[in-house]
Amino acid sequence: MIFAAQLVFAGICVGAVYALIALGLNLTFWATRTMNFAQGSLMMLCAVIAVGVLSGGFNIYLGLFAGLALTGIIAAATEAIAIRPIAHLTGSMGWVVTTLGVGIFLQGFVSKFFGSQALAFPSFLFSARDYVSVFGIRLSAQYMIILAIAVLLVLLFELFLKRTAWGRALQAVAADQDLAAVMGIPVRVVVTLSFIASGVLAGVAGVLVAQITGTVDAAFGFNLLISGFVAAVIGGMGSTWGALLGGIFLGIMEKLVGGYISTAAEQGIAFALLMVMLAVRPEGLLGEKEFVKV
Amino acid sequence: MNTFRRLMGRVLGQSLLALAIVVALWFGAGLTDRGTVQLLSFLMLNILLAQSINLLTGIAGQISLGHAGFFAVGAYVAGVLTKTHGVAVPLAMVIAIAASALIGWLLAIPAGRVREIYLAMMTTGFGLLCFEIAKEWSVTGGVVGLSGIASPTLRSLQVFGWMVDTVDLFRVMLVATAIVLVLMRNFVQSHHGRSFFAVQASEIAAGSIGIARGQVKRRAYAISGAMAGLAGALYAHLVGYLGPDSFTITRSVEVLVMAIVGGMGTIIGPILGAALFTWLPERLQIFAEYQFMVYGLILMLIFLVMRRGIAGAITEPTRFIAPRAMKRRPDDAGKPVTLQAESNAPQNRPALLEVHDLGRNFAGLVALDGVSLALRPGQITALIGPNGSGKSTLVNVVSGIYDPSRGRIVLGGDDIGGEADHAIARRGLIRTFQDPRLVPCFTVRENILLGGQRHFRSSMLAAALHFPSTLREEIAMVRRAEYVMELAGLGAVADQPIESLPYGYRRLVEVGRAIMADPVVVLLDEPAAGLSEAELGRLAAMIRYLRDAGKAVLLIEHHMDFVNDIVDDVVVLDSGREIYRGHMQGMRANPAVRAAYLGVSQDCHA
């Protein structure tokens, strides 16, 4: 029982990070109906830069700041270089391929200049050994703080979206870009800001995951990207609460399967859930069915 | 430049040249060193892989970012069967191909339901999953991998008692690749290949001419899987060792890069791409060092720099009609289709399509509210009404794109309500769209020919093997297309890609495609919009042709003069309901119609 509870707790924490990744994907999906395939590499890049700055003898927080700033800038640049210029091309081949290119490039860059071996990521939020005991269940302090950060960000995001002018502008752009432009909303600025925010969210998620795993390497992001996407799909594409729900559900499932069946099977869970979800309820748990206009 | 491309197209299209290259490689391999033979063997693998993704992504339009998965399935099935279970090499190879085809077919079931980012993520997930399984499963040897698979380097590859050395294996791969390429070319230049392209261009439009999109996707995934599986099985015996690191996402990206840089949607492109990226890392140290970054940059910039790849830059695009069907003597030019003369007056003939009390809601919004219609052979009925009155919804429901919320749709005596759009099209109900939906890279001729889809009978195997019956069928259809183009006045632009032609042509081509389908009932959704005076004349001739051929025609149109000239009967819709039915003259005077269009209340009308 205690084992199960610990698995569920770990699942919730990991799932909250998946929700952050999903949120980053949702943001660009709203703004441009596209998704940044480089998001996984941005997660990796932020953690690697933090490690790099630290090993250069500087403070870890300076490293985190540098990492987040850079991922934000790169995400915005991705939109400018890889998405906007080819928006006129029909079909999805365009931006999927170009943003994948950005991701591959970043991955290649890191493995070339930081080595393809895993880098140790320092514990900066408590140590991996600290824990809090609740009803006899040992809850890792690190996991708890990660859960807190992730949930706080999701809440802040939902507040921002519903309560601020920029949030409403983003919703307007999501609903109809042309109409939003006609109504005087600076669509370009909204889109760029969304990409910056999605890059920063990816960076935060990357650092949090690296904190749990303790290492980071060049290939670190792709599996996470899929997990984040699956979280978004389970919850319903574009829904903030759905992302949180989907992320936590995925996290718990993964940990339970990993704990009771085999850690090898853990890897397949995200994919299996994606298949089931798309087959049974493609609009997600909290999403609404869209009619295709012919 | 254009002359150069045409010249290149003619040179590269020569089967003699292809044969000469195969023969040269066959004998050349015996004369050169082992390193070169090894490199050429990898070239064959890369050609197979690049063509495999080309068929799925470039031709059927289903993006694949997990192609290493199929490659892995083929490689491990062949490796495990021969090494662990002692199965004979040729049998293991056949099983490996079948297994990866099956995996592709199964993947198509969920993947066929989704598009764009979902599909991209799903295929990425598939690739990663295959990698993880290879890494974790004991059968595949886990991280350590599977070594000691029968191969020429270990001098252990025996087939029917014959010891296969490196050169022999290369020759086997050469012949296998050549056969796959020939089959693929034949397949692409048949109605099967055209249906793949139609699904890529627009799934809705493909359905409207009777192409079952789910079936097309399952076929595309299965064939593509089989090709990659063949490459995998050959790879297993070429290197003798399989480790999970050969099947990472890097491999999937590499395959994608080869096909895109070479030129997707052509036959020659992926061959050129495979050649380039087999040779570059071998011969250019700097490239090998920065390989991954270079792949990233290429994917980032390819659409800006060279959208159609190398093939698009140096040669003419591949065409999608069997060249032999196009080569015919001038004396057997298309003959007009003989028309069935009906003795009854149109009003007395039994209706071909009957719609009873049809309704359709969209989450509370009532778009159609109890509409009834009867379309008779040889009669043109106009359907008019203000914007949002439900005209297009009616066409969408009748053609099977939306399910009806209530009511019955009877076509030729059968209730077709709720049937899939492609099944309805196959029954002979053909529609056109408000915005013409054609295959942009197809020529006018190819687009018109697409209309004939529901009449083709050749199997995929017959198409790939170029059976005489397939060719006869293709010739007959090409002739019919010729006749339709003449009717539509499109003969002069027959071989121009549709994307290079002005808007009016697209409309005429779409109506021509509908005529080509030899339908029972035709629904035309605003065919006259945006046409010039001359084009209107041709359109009218085409619609009259349909009427004279005994088809039932429903014409949605805002262009009143055009409607006035050709229709027999008119039905007016407003807010999803019928408000008038009868002659044109009566309609103009009808108070309800005037109110709907002009917004005057009926009492004010004098």
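Which strands does helix α26 of chain B lie across? In this predicted model, helix α26 (residues 591-598) of chain B lies across β13 (569-574) and β14 of chain B. The direction in which α26 runs is at about 130° to β14(B).

Both β13 and β14 belong to an open sheet of chain B that is formed by 6 strands. The strand order is β10-β11-β12-β7-β13-β14, with mixed pairing. At the edges of the sheet are β10 (429-431) and β14 (577-582) of chain B, each of which pairs on one side only. From one strand to the next, the twist averages 20°.

Within this sheet, strand β11 (residues 521-525) and strand β12 (residues 552-556) of chain B run parallel and are joined by 5 bridges. Opposite Val522(B) stands Val553(B), a residue of β12(B). A further helix of chain B, α23 (residues 533-548), packs on the sheet and touches β7 (379-384), β11 and β12 of chain B. The direction of α23 makes about 150° with that of β12(B).

Chain B also makes contacts with chain A: 37 residues of chain B are in contact with 39 residues of chain A. On the side of chain B that touches chain A, the elements giving two or more residues are α6 (116-136), α11 (249-262) and α14 (291-305) of chain B. The largest share of that side comes from α6(B), which gives 12 residues. Sorted by class, the side of chain B that touches chain A consists of 27 nonpolar, 5 polar and 5 charged residues.

Technical notes
Residues numbered from 1 in each chain as written. Chains lettered and ligands numbered in written order. Predicted model: local features only at pLDDT ≥ 70, side-chain atom pairs only at ≥ 80, totals over all residues. Contact = placed C-beta atoms within 7 Å. Helix = DSSP H or I, 4+ residues; strand = E, 2+ residues; numbered from the N terminus. Nonpolar A, V, L, I, M, F, W, Y, C, P; charged D, E, K, R; others polar. Pairing = 2+ DSSP bridges. Axes fitted to C-alpha atoms, helices over the stretch in contact; angles between N-to-C directions.
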